[in-house]
Protein chains: 4
Amino acid sequence: MTVKVVVNGVGTIGKRVAHAVKLQNDMKLIGISDVAATSWLRTVLEPEGPLFKTDLYASNKEGMQKMRDAGMYVHGLLEDLLASGQVDVVVDCTPAGIGAKNKPLYEKQGVKVVYQGGEKADVAPISFVTIANYEKALNAQAVRVVSCNTTSLVRTLHALDARFGIEEVFAVLVRRATDPWDEMSGPINAVVPETHIPSHQGPDLQTVMPHINIKTMACKVPSTLAHTHFITGKLRRKATSEEIKRAFEDAGRIILLKAANGYSATSRIIERYRDLCRPRYDMYEVAVWEESVTAEGNRFYWIHAVHSEGIVIPENIDAIRAVTGIETDKFKCIEKTNKSLGIK
Amino acid sequence: MTVKVVVNGVGTIGKRVAHAVKLQNDMKLIGISDVAATSWLRTVLEPEGPLFKTDLYASNKEGMQKMRDAGMYVHGLLEDLLASGQVDVVVDCTPAGIGAKNKPLYEKQGVKVVYQGGEKADVAPISFVTIANYEKALNAQAVRVVSCNTTSLVRTLHALDARFGIEEVFAVLVRRATDPWDEMSGPINAVVPETHIPSHQGPDLQTVMPHINIKTMACKVPSTLAHTHFITGKLRRKATSEEIKRAFEDAGRIILLKAANGYSATSRIIERYRDLCRPRYDMYEVAVWEESVTAEGNRFYWIHAVHSEGIVIPENIDAIRAVTGIETDKFKCIEKTNKSLGIK
Amino acid sequence: MTVKVVVNGVGTIGKRVAHAVKLQNDMKLIGISDVAATSWLRTVLEPEGPLFKTDLYASNKEGMQKMRDAGMYVHGLLEDLLASGQVDVVVDCTPAGIGAKNKPLYEKQGVKVVYQGGEKADVAPISFVTIANYEKALNAQAVRVVSCNTTSLVRTLHALDARFGIEEVFAVLVRRATDPWDEMSGPINAVVPETHIPSHQGPDLQTVMPHINIKTMACKVPSTLAHTHFITGKLRRKATSEEIKRAFEDAGRIILLKAANGYSATSRIIERYRDLCRPRYDMYEVAVWEESVTAEGNRFYWIHAVHSEGIVIPENIDAIRAVTGIETDKFKCIEKTNKSLGIK
Amino acid sequence: MTVKVVVNGVGTIGKRVAHAVKLQNDMKLIGISDVAATSWLRTVLEPEGPLFKTDLYASNKEGMQKMRDAGMYVHGLLEDLLASGQVDVVVDCTPAGIGAKNKPLYEKQGVKVVYQGGEKADVAPISFVTIANYEKALNAQAVRVVSCNTTSLVRTLHALDARFGIEEVFAVLVRRATDPWDEMSGPINAVVPETHIPSHQGPDLQTVMPHINIKTMACKVPSTLAHTHFITGKLRRKATSEEIKRAFEDAGRIILLKAANGYSATSRIIERYRDLCRPRYDMYEVAVWEESVTAEGNRFYWIHAVHSEGIVIPENIDAIRAVTGIETDKFKCIEKTNKSLGIK
């Protein structure tokens with residue numbers, strides 16, 4: 001069976017999800033939908049672009065007019081496409097809050113939906129990270145793939161929780177302030193703390209792993225490449241740093257990189273994925289600095305980097321399989337997605 | 001009695017300490033000493049500069065030659081000045097590690113010494129932060145004023161420890177990567193973690209407060225203005241956030257600033273000290289974001305900013321009074337220093 | 001005679017102008033006016049602030065409410081103050097475009113006005129830079145002090161034009177993207193060109209020096225400290241680089257700094273004014289890199305740095321004297337202003 | 001005929017050239033050589049890396065030891081490989097100045113050499129940019145591919161010179177300060193001018209186009225993505241902006257992008273090549289901002305962006321064909337290289 005997918009919102013996440021859908025042999029990209037003739041929309045549709053010949057739809061009438069005015073060929077309204085019954089799943093990658101506004105449309109047409117972490121948790125019955133709750137998402141009407149930061153925390157903490165049990169966690173998130181392309185947002189030379197404590201990422205993690213006792217603090221810094229997380233906490237039993245590393249390695253979608261081998265900064269880690277020629281240098285894995293993994297009795301510490309643009313792409317692909325039920329085995333799903341995206 | 005002071009090393013800290021010494025009415029700046037005709041050395045000695053007419057010495061012969069070649073008037077070698085018996089205290093503000101090399105010279109001449117936090121703790125018998133151990137430093141032969149990061153942690157943690165007792169502390173230090181003037185060091189667009197955990201600041205704090213159970217992690221980010229610390233831990237008894245704030249306010253050299261009043265980033269806090277027309281906009285206080293002070297049972301959280309260039313200046317002035325014994329009362333010393341520097 | 005001055009708009013420029021007015025012995029700061037309780041407005045009015053006890057007015061009723069709600073003491077509406085006849089000159093430092101909206105109010109009350117360079121040239125009959133056209137501004141009803149970039153170009157080009165004549169000029173302006181306090185604007189890691197050529201600074205210069213044949217191009221870069229200009233052109237007669245430097249030195253408000261002496265970057269130049277303990281490190285001078293001043297026949301080249309926050313402050317003070325006619329001699333006016341601000 | 005190529009120095013340029021050589025069907029990558037186990041060397045040799053199974057050699061004995069100590073398999077010394085007669089061409093991508101030191105070795109073994117622009121011009125008899133002097137390089141013993149900045153200037157100026165003739169050129173180069181991976185170099189918040197005027201890029205262009213009268217000025221800014229050039233000058237005859245754009249389009253390896261289409265900053269242009277999924281997002285073309293192309297009589301202006309990491313890769317491939325003579329027709333060579341690299 002081939003699942004028919006539409007991606008609504010071709011921004012940082014949407015353009016990647018649409019491309020990844022095209023790489024799956026059990027999915028078909030029926031179309032993409034947007035409201036403006038952005039530079040990236042133009043680019044991905046060029047003959048050299050990864051979405052060349054993909055049908056373009058408009059998410060609303062104003063958007064259709066704007067894109068047509070800009071000389072783009074628009075097939076019609078997303079609404080009409082959905083009504084035609086040709087679509088199984090919409091991956092909604094619209095800006096934060098728009099997904100919730102689109103929800104009545106999706107429900108009316110009875111399509112399955114994958115929302116993104118910019119939406120509030122109640123947009124869908126399940127907040128999703130593959131390793132943590134794939135089974136729960138099977139055949140669900142809608143899921144919400146959680147944010148990049150939360151995804152990285154779930155992947156790593158789930159690995160430890162499954163093996164050792166987790167008593168408590170505290171994390172400081174040093175966030176890249178904006179995406180690499182964005183020339184309008186700052187700061188140029190400042191650190192901007194989130195002064196409300198705890199910050200929202202802890203509760204967001206609990207939408208996936210409600211039993212985890214976690215507090216987070218956060219700031220943004222003048223960098224565009226990756227978030228960096230500083231994590232400490234207590235396991236339910238003692239573990240050595242070697243055991244913790246093994247738990248990470250066994251979990252998948254986590255990579256251990258040594259600063260001593262030259263991976264001494266987020267920029268060096270990103271360069272790795274440029275050198276591997278990953279499309280857009282996307283790092284789908286959480287990158288844990290190997291030397292930072294430290295254990296003292298049942299206390300643990302580590303530092304990891306999160307590529308905010310790339311990390312949720314495999315989860316989006318997995319979520320499509322989950323909600324449609326075309327693959328009921330979590331590990332088979334992970335294997336398919338990983339293989340298609342070059343994840344070891 | 002007037003204490004005769006020489007500052008050896010006119011860099012980021014030395015130029016400030018020398019200026020601050022000139023503002024004290026119980027001290028006299030006998031001279032400054034250096035090894036190169038840097039732009040800042042030239043500037044502070046200009047007619048408009050704060051050290052105009054201060055006698056310049058050379059810390060070694062090569063330095064004397066270099067500064068003379070650059071057209072500067074050098075009175076002689078620091079060594080000879082110290083041997084002349086005209087100096088009571090040297091404040092050694094040379095680069096990290098040079099202080100230790102200068103130690104035999106200072107010991108030979110029998111002068112008292114104030115070292116900086118770039119030196120290892122064993123350079124002096126006492127690692128010094130005024131509020132924590134002024135009495136211990138009275139009449140000591142030498143003290144080491146600890147680093148900017150450690151000074152900020154001691155000031156805040158001492159305030160809580162004195163009032164509530166501290167059971168444990170964990171802090172993540174998001175460090176400004178270099179000083180504002182430095183155009184050579186990066187990163188431009190990366191976060192650089194210290195992958196050795198715990199980072200050195202925890203043990204450094206214990207040189208002042210050995211009984212505090214603290215662990216730290218750290219990174220540097222592309223900003224030049226201030227370090228930002230994210231702190232959590234447990235008190236020995238419950239306290240409300242209001243009680244914690246009051247402890248900070250009562251301690252002195254800690255200022256509470258509200259993000260809601262426009263102090264929403266390190267840059268906004270620095271602008272405050274520009275607007276107050278502090279010399280070089282130096283923020284001698286630890287700036288705690290008021291909204292971030294959070295209590296849950298006996299657990300606490302807060303975020304503070306540290307002006308790495310300015311915070312240790314009052315401690316250096318206090319340290320001069322301590323080692324010479326010209327002021328035996330800690331709080332009178334603090335009052336004198338604060339008044340001279342415009343600290344409320 | 002003492003000129004009574006009000007500053008409307010206490011932002012980056014307004015807070016500096018108000019402070020500078022207080023330093024003049026032929027002016028009196030009657031009040032400042034604003035519409036919001038910003039952090040800087042609060043700060044300058046603190047007991048340690050440079051505008052402590054200055055009367056605060058509101059530029060409109062909503063602003064009055066907002067500032068009162070924030071707990072600030074507001075004396076009344078600017079409109080009523082102006083109507084009372086107590087004010088000779090308003091320095092309008094409101095955001096770009098607001099000055100033009102305020103114009104009818106000022107005209108109705110018959111006060112003299114000094115506008116800023118964010119306004120279009122037609123807001124006032126004269127676009128003003130002291131050295132170029134002080135005499136023309138004498139007793140004018142209103143003048144517009146041109147922008148930081150234009151002021152720097154006028155000062156330097158006027159020096160050369162007066163002595164050698166200028167045939168043509170071409171300049172590339174590498175602009176600091178935003179002010180140091182601003183944590184919201186970017187870019188973090190990009191260069192943003194102004195693709196419309198010529199950029200607006202050339203025509204703006206011609207509002208002061210209409211006979212100069214100049215073209216400019218511009219971009220903004222991720223730095224907050226200073227604009228950097230790269231200038232070339234032709235004189236009407238041959239001049240050596242030494243003659244050009246002498247012309248700059250003789251002109252005033254231009255300083256020559258050597259990269260070889262450690263002034264190798266904008267950050268090093270800014271550090272100079274921190275080291276001189278200028279309030280807010282304001283550099284009122286254009287800083288020309290001495291080594292960059294190059295002559296080939298009648299062609300010239302140089303590079304200079306412009307402190308966007310500080311450079312127009314002396315021109316604002318001069319403009320007050322010009323429009324009120326309290327000082328009819330340009331050079332006496334410059335001398336007074338320079339002395340009050342510490343300009344050599 | 002298949003040319004046997006070795007790349008000496010696997011850094012920013014070397015790793016790209018080696019990868020590009022593998023994409024040519026008239027070349028064979030015999031090996032790569034280096035002196036240290038850098039993170040990028042490890043990465044490109046991984047199973048997922050673009051140089052998997054490429055033979056690794058050591059450029060000297062110390063390097064061999066170091067790489068072997070790091071657990072890498074080293075086939076032997078580059079020297080011995082060259083002596084074995086298996087290599088036709090060495091592309092020397094070692095750091096600036098090392099190429100010149102390697103020259104005696106290459107000459108002794110009689111291999112052809114392609115040097116990089118970090119070397120002084122006299123390292124090879126010809127400084128090379130394909131469009132300007134491919135024919136001259138045919139069967140030469142060695143050529144030097146000029147720097148990224150110079151390559152971009154030659155490509156664009158050659159296009160205009162060939163069609164209209166060029167009388168004079170002036171350019172300001174706003175340089176990205178360092179490569180994206182580098183976390184050690186700054187500045188973080190400063191502009192660093194080259195105070196020696198003219199800067200070296202003008203004379204460097206004249207090594208390729210000796211008849212062009214050009215002057216350049218330069219600075220570096222806190223960005224890692226691309227150089228930005230601001231160019232003006234005079235043609236020998238009048239041309240409209242449309243004619244200039246057509247000349248650029250006809251020349252090849254120059255792309256015109258509209259800011260109005262969303263390509264409003266260097267970051268937006270780089271994002272384009274991420275979206276096209278170019279390996280490492282390499283932009284081999286000079287990107288001219290279309291709106292900036294301006295003509296006034298015979299005077300011209302434009303702004304372009306240069307991807308410093310990518311732009312010289314096609315020229316290196318062309319240079320291999322030129323020195324070995326396997327393709328004597330410049331345009332056929334360009335076509336082959338372009339096709340292999342995805343250049344339209």
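1. Start at the axis: among the residues of chain D, G186(D) gets closest to the rotation axis, its C-alpha sitting at 1.9 Å. Contact residues there are shared out evenly, as 100% of those in chain D recur in chain B, and the same surface serves both copies (contact: C-beta atoms, placed from the backbone, within 7 Å).

2. Before going on, bear in mind that this is a predicted model, with local features needing pLDDT of at least 70, side-chain atom pairs counting only at pLDDT 80 or more, and totals for chains, interfaces and linings using all residues. Residues are numbered from 1 along each chain as its sequence is written, while chains are lettered from A and ligands numbered from 1 in the order in which they are written.

3. Chain D goes onto chain B by a rotation of 180° with 0.0 Å of shift along the axis, at RMSD 0.0 Å (least squares on C-alpha atoms of residues with pLDDT of at least 70 in both). The two copies are therefore related as by a two-fold rotation axis.

4. Now look at strand β5 of chain D, residues 89–92 (strands are DSSP E runs of at least two residues, helices H or I runs of at least four, numbered from the N terminus). V89(D) and V91(D) on one side, and V90(D) and D92(D) on the other, are all buried (20 or more other C-beta atoms within 10 Å of the residue's own, C-beta atoms being placed from the backbone).

5. β5(D) pairs in parallel with β1(D), residues 3–8, over 4 bridges (pairing takes at least two DSSP bridges). V7(D) stands opposite V91(D). β6(D), residues 112–115, also runs parallel to β5(D), joined by 3 bridges, and K112(D) is the bridge partner of V89(D).

Technical notes:
Buried ≥ 20, exposed ≤ 12 C-beta atoms within 10 Å, placed from the backbone. Contact = placed C-beta atoms within 7 Å.
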